[in-house]
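Trainee: I would like to learn how to read the strand pairings, chain contacts and helix packing of an assembly. Could we take them one at a time?

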Number of protein chains: 4
Amino acid sequence: MEKFKDVQSENPINTYSLDRVGLTNVARPIKVHRNKTVTLIPTFRVFVDLPPSRKGSDLSRDIEALEDVVGQEVDGKIKGIEYVAELIVDRLLERHPYATSAEAQLVADYFLERKNPKGRKTTERYQIQGIARKKDGEKTIRYIGATATGISVCPSAMKTVSTLTGRMSDEPPFISHNQRNDVTIIMSVPDGKDVEVDTLIDIAEASMSAPTFELLKREEEGMLVLQAHKNPKFVEDVVRDVVKLIVKKFEDFPDTVMIEVRSESYETIHKHNAYAEKKGTLGDFRKELKEN
Amino acid sequence: MEKFKDVQSENPINTYSLDRVGLTNVARPIKVHRNKTVTLIPTFRVFVDLPPSRKGSDLSRDIEALEDVVGQEVDGKIKGIEYVAELIVDRLLERHPYATSAEAQLVADYFLERKNPKGRKTTERYQIQGIARKKDGEKTIRYIGATATGISVCPSAMKTVSTLTGRMSDEPPFISHNQRNDVTIIMSVPDGKDVEVDTLIDIAEASMSAPTFELLKREEEGMLVLQAHKNPKFVEDVVRDVVKLIVKKFEDFPDTVMIEVRSESYETIHKHNAYAEKKGTLGDFRKELKEN
Amino acid sequence: MEKFKDVQSENPINTYSLDRVGLTNVARPIKVHRNKTVTLIPTFRVFVDLPPSRKGSDLSRDIEALEDVVGQEVDGKIKGIEYVAELIVDRLLERHPYATSAEAQLVADYFLERKNPKGRKTTERYQIQGIARKKDGEKTIRYIGATATGISVCPSAMKTVSTLTGRMSDEPPFISHNQRNDVTIIMSVPDGKDVEVDTLIDIAEASMSAPTFELLKREEEGMLVLQAHKNPKFVEDVVRDVVKLIVKKFEDFPDTVMIEVRSESYETIHKHNAYAEKKGTLGDFRKELKEN
Amino acid sequence: MEKFKDVQSENPINTYSLDRVGLTNVARPIKVHRNKTVTLIPTFRVFVDLPPSRKGSDLSRDIEALEDVVGQEVDGKIKGIEYVAELIVDRLLERHPYATSAEAQLVADYFLERKNPKGRKTTERYQIQGIARKKDGEKTIRYIGATATGISVCPSAMKTVSTLTGRMSDEPPFISHNQRNDVTIIMSVPDGKDVEVDTLIDIAEASMSAPTFELLKREEEGMLVLQAHKNPKFVEDVVRDVVKLIVKKFEDFPDTVMIEVRSESYETIHKHNAYAEKKGTLGDFRKELKEN
C-alpha cells in the first residue's frame, strides 16, 4: 500500500474528459544530429488527454517522460527536433496508461553559417519547431517548422514613387519602403521521408525580397539593398512563393502532407504589421494550381 | 483613369488563393455600452481572404473598415466587443468586394469593481476578447471571451502534507502550495442570445480555489487564504468546473454553441506551468455528461 | 489592541535598510485633462524605502495610496500622468510614515489624431510615461516621457547604392533600406513649467526621417516614402536632432533639467537592432554645443 | 581611395557626442568553461560612445568585434560570460579607434543539475548575465549576475490564519499563500578574484523560503511544501538575506565591489507583484550593519 494518497487517481463522479493536460514553459538543452551535432535549448509543451474516470493527470510523469528522452537518448543520436517530439510522445503514452492521445511541441533558436552578397561568412539566427501528436491506434503525426527573418520591399509604393518622380518609363528598381519580414513554414513529415529545417529556411529566404545578414560591410550592404529592390514583394507574394517552392521541392511527397505558411511584415511606414497566411494539404495545393 | 497604378489589383498568372490577408498590431480606444459605458483599448487583428486573380489585398481598406466602426459608430451605442468585431467584418467585406470571407479579433484589458472577502471595494483587471468570422452567404459567427486570474491550491500536496504531519484524521484544510491561475473561456454567441463578459468572468472565478483581489487588509488576506485552502483544485478541476457552470448557465442555448476552456497555473514549487484544456460544443458537453 | 498580529512592523535584529519596496504590474484606467479629457490605462510601479527597524512594508497601503489618487482625485482634474505620479508619491509617504523616499512610475498607450501627407485624418498610437520621486525634506522630482514610432532611412546605404548604380552625380534621394524606429524622450519637469507629451512626440517625429501613419492611400504612401528618403538618418542623427530640438524648445528651462534620449531601429537588412542614446542635463547640452 | 563613400566618418557641424551607440537583439551560441564546458546562447548588447566629430559609428564593426571573440576565442577556453563581455569590450575599442568607452552585456539561460528534497536528480533553469564596461585609461569593470526562481511563503498571512483558526498557541507552520519568486543578484568582480554564477544561484536559493524543482514525486512535493512553510519570507526578507550571505561569502573582497539585489514575487492572492531591491557597495553594506 502506498503511504501517500494518490489524489490524481481518484474517480470523480459525473464529470468530463479533458482534451489536453500537461506542462508548458519547460526548457532543457538537447543535442541533435543531422549533418552536424547541434546544441538546442528548446522550450517544451507536453500534453496527454484525461478520461472522466480520473481526477488528475500525474504531471510529474510529464517531466519524467521528457527526461527519459532528453537525458538519455538525445545526445547526437537523434536527427531532429520533430523526432525528439515523437520520442517524448511515446514516453508520455507509456507513463500515462489512461491516456489515449499525447502531444509534444518544441520551439528553439537555431543558427546557420551563411554567406552574404560578397561571400563573407556570417552567422544567422532562425527559429525552428518540432511537433508530434499521437492518438491510440493511429500513427504519430510529426511536424517540422522554421521561421526566417528577411526583408520585403513594397511593389506598390515603388510604382507610385516612379510616377511621383516622373520616371515611369525608366527601368526599375525605384525607391520604396521595405520591412523586416518573418516567414514561418510548418509541414507534416510523412513516414519514410525527411524534411530538413535548412530546406524550409532556404525556401523562406528565397521567397522574400532578400535574406538578411548580421554582417554587411559597405558594398555588401548596397548590393543587398539593390537585390531586395529588384525583387519587390507583398506579404501575399511571399506566402504564394513559399507555397510554389514547397510544391516543387516536395513533388514526391504524398497529397496528405499538411502545410501552413505565414508571412508577417513589420511595416516601416505604419505602426501596424501586414500579414498573410495559407493552410492546406499538398494535395489541395496541387489541385488548386491546376484549376486556376 | 487613376494616376497611380493599382498594383494590388494586378492579375498574377498561375498562383494561389490566400486564406487570410490583413493587419495585426493595431490598437485604438473604443467606447462600448452594456450596463455602463466603458472605454477599452483593444488590439485588433483583421483579415479577408484573397482570390488567385488578385496580386494583393488593399490593406489601407482594412484601416478604413476599422475606422468606419471605431470612429463613427462605436461611441457607447455598441453593446460589446463581439459586436464591434461583427461590424468590422461587415465593413471589411464591403470594402474588399473580391473577398469571400472576413475575420476580426479584438483583445482588451477590462476592469470590474469587486468586493473582497470583507466587502471592501477593489478594482480588478481582466482580459476580454471579441471575434467575428463571416463567409459569403453564411451568417457571421461571433465569439466572446474572458480571462480571469485567480488562485488555485493543490489538493494532492495538501493530502501528502496531512500525512507527513500525522494529521490524516483531522479536518482539512492543511498546508499546500498555491498558484496564480489564468482561466480563459471563449464561446460562440448564437443569434438572439447575449453573453455578458461579466458572466464568463464570474464563472471563471467561481471555478478556481478563490478569486484574487488587488486590495486585501490583514484579516481579509487571511480569510481569502483559508477560503482557497478549503477549496483545493487542480487545473483539471478548474476546467471541468467551468464546463459544468457553462452547461448549467446556458441551458437554453442551442447545442451548436462552441466552447473553449483553458486553465494555466504558474506553479510555485516548479519553474514550469501546469495546463488543462477542453474544447467542444454545448451539445458535446451535454451528451458527454449523460454518458459518464 | 489589534486582533491580528502586524508582522510587518516587527523589529528585526541586525539587518539592512532597503532602497525600494513596493508593487509592480498594477493597471487601472484613469482620466487626465490637458486640452482634452483622455482615458489612459497605465501600468503602475510604486515603491517606498524601508528602514532596518521594520520587517516589512505594508504593501496593501500601496494599493490604497494608488486608489486615493486614481479613484478619487483623477477624473479630468489632473493635467498629466506626471502629476498623477506626484500625487501617488505624496500619498505613499503619508501612508508609510516610516518611509523617507517614495517613487511612482506610470506607462500608458496614448493616441493622437494626426494628418497624413495629404491631410487625411488618421489616429496614431504612442506610449507615454510619468515618473515622480521624492525624498524626505526635498522637493518631488517629476519626469515626463514619450515614445514615438517612425521611419528612418539609412544615409550610408543610399550613398553606396548611388555609386553601385553609377548615379553619383545625380540628385538624391536614391534607393536605401529603411527601418521602424522607436524614439524615446524622458525629461524632468521643473517647478513652474509644464512639458506636454504632445510636444515630446512632435520633437521625436520631427527628428526621424518621417513620422508614420496607420492610414495611407496610394499617393500618400508614395509621398511619405519620398519624404523619408529625402531626409536619411542614422539612429545617431535621430538622437542628436532630438537633443537640438529639446535645447531650442526649452530654452527658458533651467540648466538642471535632466534629459534622456534613445533611438532604436529594427533594421530591415539585419536581424539585430541599431541603438543610440544620450543622457545629461540641459546645462550639459548647452555647454557641449558651445565647446564643439 | 575607397570606392564607396564612408558616410559614418563625415564630420558633422556643431553637434553632440553620444553616450552609447551600438547593437541590441543579437544572439549567438558560445561555449564557456568553468568546471565543465557549457553551451550558452546569450543575447548580446554592445555599445561604444561617439565623439561630436563623427556622423556615425560603424555598426558592422560591432558584429566583427563580437565574432572576433565568439567565433575564435570562446570555445571552452573562456571561464565565464563576464570574461566574454570583457573580451568583446577590448575588441570594440580596437575596432572603433574614435571611441573612449565601450560596453557589452550578455544574458543567457543556464542549467544546473540539482537534487530535490529526497535526493532525486532534476535539471533546473536559471538566467545568468555578464557585463563589462571600459573607459579609456581605466580598468574594465566586470559584472556577473544570476536570476533564480524559487518559492516564498507569506509570514503575515500565516500568522493571521493561525489566529483565524484559533491555533495561536500551536507550533508553526500554518497555512499561508506562497509565490513564485525571482531573485536577481548582480555584482562587480574585482581583479584577482572570481565569482561563480553557481555561488550566486546558491545564495539566491538559500534566501527564499525554498528552491523549486522541475521534478517532484508525491512525498518530495510534500516535503518541499513543508520546508517552505517552515521558512516564511517577505520579498524584503529575501533581499536582506541575500545581502547577508553576500557579505559573509565575499568577506575577503574589497569595499568597492558593487552589488544589486532584487526579489520580485508573483503574488497568488493578488494580480500584482511584490518587489524589493537594495543596491550599494560591499563597503556600504559592511558599514550599515555595524551601525544598526
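Trainee: How many bridges join strand β10 of chain C to β11(C), and in which sense do they run?

Mentor: Keep in mind that this is a predicted model. Strand β10 (residues 258-266) of chain C and β11(C) run antiparallel and are joined by 9 bridges. One of the pairs to look at is Glu260(C), whose bridge partner in β11(C) is Lys279(C).

Trainee: What joins β10(C) to β11(C)?

Mentor: A hairpin does, passing through 6 residues. When you look along such strands, there is one general point to remember. In a regular strand the side chains alternate between the two faces of the sheet.

Trainee: Which strand of chain D does β11(C) pair with, and over how many bridges?

Mentor: β11(C) pairs with β1(D), in the antiparallel sense, over 5 bridges. As a place to look, take Glu277(C), which stands opposite Arg20(D) in β1(D).

Trainee: And what does β1(C) pair with in chain D?

Mentor: With strand β11 (residues 273-281) of chain D, antiparallel and over 5 bridges. Here Gly22(C) has Tyr275(D) as its bridge partner in β11(D).

Trainee: How should I read the whole contact of chain C with chain D? How many residues does each chain put into the contact?

Mentor: Begin with the count, then ask which elements supply the residues, then look at their classes. Chain C gives 47 residues and chain D gives 47 residues. On the side of chain C that touches chain D, at least two residues come from each of β1 (18-27), α3 (155-164), α6 (235-249), β11 (273-281) and α7 (282-291). β1(C) gives the most to that side, with 9 residues. The classes there are 19 nonpolar, 15 polar and 13 charged.

Trainee: What rotation superposes chain D on chain A?

Mentor: A rotation of 180°, with 0.0 Å of shift along its axis and an RMSD of 0.0 Å. In chain D the C-alpha nearest the axis belongs to Thr39(D), 3.7 Å from it. Again the same surface serves both copies, with 100% of the contact residues of chain D recurring in chain A.

Trainee: How many residues does that contact take from chain D and from chain A?

Mentor: It takes 21 residues from chain D and 21 residues from chain A. For the side of chain D that touches chain A, the elements giving two or more residues are β1 (18-27), α1 (59-73), β5 (101-115), β6 (121-135) and α5 (218-229) of chain D. By class, that side has 9 nonpolar, 4 polar and 8 charged residues.

Trainee: Now for helix packing. At what angle do helix α5 of chain B and helix α3 of chain D pack?

Mentor: Read the angle along with the distance between the axes. Helix α5 (residues 218-229) of chain B and helix α3 (residues 155-164) of chain D pack at about 80°, their axes 8 Å apart. α5(B) and α3(D) are therefore roughly perpendicular to each other. Among the residues making the contact are Met223(B), Val225(B) and Leu226(B) of α5(B), with Thr160(D), Val161(D) and Leu164(D) of α3(D). The contact residues divide into 6 nonpolar, 3 polar and 3 charged.

Trainee: What about helix α3 of chain B and α5(D), at what angle do they pack?

Mentor: Helix α3 (residues 155-164) of chain B and α5(D) pack at an angle of about 80°, with axes 8 Å apart. That makes α3(B) roughly perpendicular to α5(D).

Trainee: Last, the domains within one chain. Into which domains is chain A divided?

Mentor: Into domain 1 (17-139) and domain 2 (147-292). Their C-alpha centres lie 28 Å apart. The contact takes 18 residues from domain 1 of chain A and 18 residues from domain 2 of chain A. On the domain 1 side, the largest share, 7 residues, comes from β6(A).

Terms used: Residues are numbered from 1 along each chain as its sequence is written. Chains are lettered from A and ligands numbered from 1 in the order in which they are written. This is a predicted model: local features need pLDDT of at least 70, side-chain atom pairs count only at pLDDT 80 or more; totals for chains, interfaces and linings use all residues. Axes are lines fitted to C-alpha atoms, for helices over the stretch in contact, and angles run from 0 to 180 degrees between N-to-C directions. Helices (H or I, at least four residues) and strands (E, at least two) are DSSP runs, numbered from the N terminus. Angles under 35 degrees count as roughly parallel, over 145 as roughly antiparallel, 65 to 115 as roughly perpendicular and the rest as oblique. Two residues are in contact if their C-beta atoms, placed from the backbone, lie within 7 Å. Ala, Val, Leu, Ile, Met, Phe, Trp, Tyr, Cys and Pro count as nonpolar, Asp, Glu, Lys and Arg as charged, and the others, Gly among them, as polar. Copies are superposed by least squares on the C-alpha atoms of residues with pLDDT of at least 70 in both. Two strands pair if DSSP finds at least two bridges between them. Domain bounds come from an automatic or database domain assignment.
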